[in-house]
Amino acid sequence: CATKPQAPISLNASAHQAQLANIHQWSIKGRMAFKSTEDKFSANLNWVQNTQEYDVKFTTFIGTHLMSMRSTDEFAEMQIDDQYYVDANAETLIQRTTGWHIPLSHLPQWIKGQFTENATYRFDERGLLQSLSPHCTSCGEWQITFGQYQKINHVWLPHQLVLTNPLEHNTQIKIRIHTWQLL
Amino acid sequence: DLAAQALKDKLSKLSTYQAEFTQTVLDEEQNLLQEAQGKIAILRPNRLYWETYSPSENTLIADGEAVWHIDPFVEQVVAISQQQAVVNNPVMLLSSNDDSVWETFKVTQPSKSIFDVYSLDENALIKRLVLHFDDTRLVKLIFVDSQSQKSVLSFSDVNQNSDISPSIFDFTLPEGYDLDDQRGQ
């Protein structure tokens with residue numbers, strides 16, 4: 001589909017994006033909810049990013065393990081209860097084991113509020129990313145909105161992301177970040 | 001055995017239990033995964049109220065037959081039968097004086113005020129529980145799950161055997177919430 005020409009991004013938007021692009025090691029703690037017409041599910045989320053690699057842990061609200069997953073350049077591995085799974089990449093691994101389709105390849109950038117190439121996007125008046133339609137091959141029709149920005153060590157970081165996918169039984173993924181840490 | 005009986009006696013003396021708690025959850029490598037504050041109320045036998053405060057609000061109500069998990073983040077309540085819950089929820093153990101449940105655990109008493117409880121069922125979610133008492137007051141509960149994830153609950157403002165209005169254990173579906181009723185399964 002032809003994307004409408006994007007207005008050139010403002011000075012502070014490009015400065016902020018450059019700041020985000022320089023953040024390679026971070027961690028977040030919060031909640032993640034996954035809603036589709038058939039299923040609703042939420043868990044505590046713990047995500048540790050280390051350049052290209054990340055470790056994600058989902059726990060129940062009483063503190064027991066639900067799922068943990070590690071993604072590296074070469075493979076992704078996952079532990080659910082006592083089951084262990086491996087796959088070429090995290091996206092296919094999660095889809096195969098849980099049936100959820102989560103656009104994980106770019107999620108580490110989106111979590112920071114960083115936009116990806118040839119997407120359509122909108123910034124707020126402070127130059128912070130407000131919404132994004134990624135149009136990337138593995139991103140499907142996901143649309144993302146960003147909110148609750150707070151300054152963490154001099155960097156504006158979002159504390160709420162909502163991903164919606166109108167084509168997939170209007171699936172929605174909501175991420176609320178309680179604590180941001182730049183490592 | 002002696003330790004199991006001693007623990008059951010201590011717990012059976014708690015006809016009611018109320019406290020505030022702070023919780024920290026650590027993974028196998030002792031990384032901090034989660035922190036929460038909240039409050040707990042127990043009315044034996046088998047009624048429990050468990051609430052975590054913002055930012056991660058959740059409420060669990062066990063009314064004797066069913067356990068209701070109220071999750072504002074997705075505006076949903078999940079209901080499961082209480083027997084199902086006791087196996088996987090260490091806090092439920094405290095409210096249960098059903099001997100058959102306790103038979104699936106081995107209890108040791110490393111000191112007068114500490115009980116170390118191991119699950120004998122190798123595919124149980126909760127592998128181990130440690131209960132710390134200060135004389136008769138339960139002040140700390142540690143549990144370790146099958147992935148060696150450790151949760152430490154420290155209790156404060158502990159109030160035992162004072163009356164609790166049973167109405168706090170009554171569940172009503174909040175306005176606009178979905179109900180995912182898994183009691184049948």
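Mentor: Let us begin with the rule: rings of Phe, Tyr and Trp (for Trp, its six-membered ring) pair if their centres lie within 6.5 Å, and the pair is stacked with planes under 30 degrees apart, edge-to-face over 60, and tilted otherwise. The model is predicted, so local features need pLDDT of at least 70 and side-chain atom pairs pLDDT 80 or more, while totals for chains, interfaces and linings use all residues; side-chain values use heavy atoms, without hydrogens or water. Residues are numbered from 1 along each chain as its sequence is written, with chains lettered from A and ligands numbered from 1 in the order in which they are written.

In chain A, ring pairs join A:Trp26, A:Trp47, A:Tyr54 and A:Trp180 into a cluster. Over all chains, the rule gives twelve aromatic pairs. One of them is A:Trp47 with A:Tyr54, a stacked pair with 4.5 Å centre to centre and 25° between the planes. A:Trp47 is buried, at a relative accessible area of 2%, and A:Tyr54 is buried at 5%; here buried means under 20% relative accessible area, exposed over 50%, and partly exposed in between (1.4 Å probe, protein chains only).

In chain B, B:Phe115 and B:Phe133 form an edge-to-face pair, with 5.8 Å centre to centre and 85° between the planes. B:Phe115 belongs to strand 8 (residues 114-119) of chain B and B:Phe133 to strand 9 (residues 126-134) of chain B, so the pair ties together parts that are 18 residues apart in sequence. Strands are DSSP runs (E, at least two residues) and helices likewise (H or I, at least four), numbered from the N terminus. B:Phe115 and B:Phe133 are both buried.

The side chains of B:Asp116 and B:Arg128 meet at 2.7 Å, N to O. Because B:Arg128 lies in strand 9 of chain B and B:Asp116 in strand 8 of chain B, this pair ties together parts twelve residues apart in sequence. B:Asp116 is buried, with a relative accessible area of 9%, whereas B:Arg128 is partly exposed at 31%.

Elsewhere in chain B, B:Lys39 forms a salt bridge with B:Glu51, their closest N and O atoms being 3.6 Å apart. This pair links distant parts of the chain, with B:Lys39 in strand 2 of chain B and B:Glu51 in strand 3 of chain B, twelve residues apart. B:Lys39 is partly exposed at 32% relative accessible area, while B:Glu51 counts as buried at 19%. Over all chains, the structure holds ten salt bridges.

Finally, the wider setting includes the place where the chains meet. The contact (heavy atoms within 4.5 Å) takes 24 residues from chain A and 32 residues from chain B. About 2300 Å² is buried between the chains, 55% of it on carbon and sulfur atoms; buried area is the accessible area (1.4 Å probe) that two parts lose on being put together, summed over both. Between chain B and chain A there are three salt bridges. A:Lys57 and B:Asp27 meet through their side chains in a salt bridge of 3.3 Å, N to O.

How values were computed
A salt bridge is a side-chain nitrogen of Lys or Arg within 4 Å of a carboxyl oxygen of Asp or Glu.
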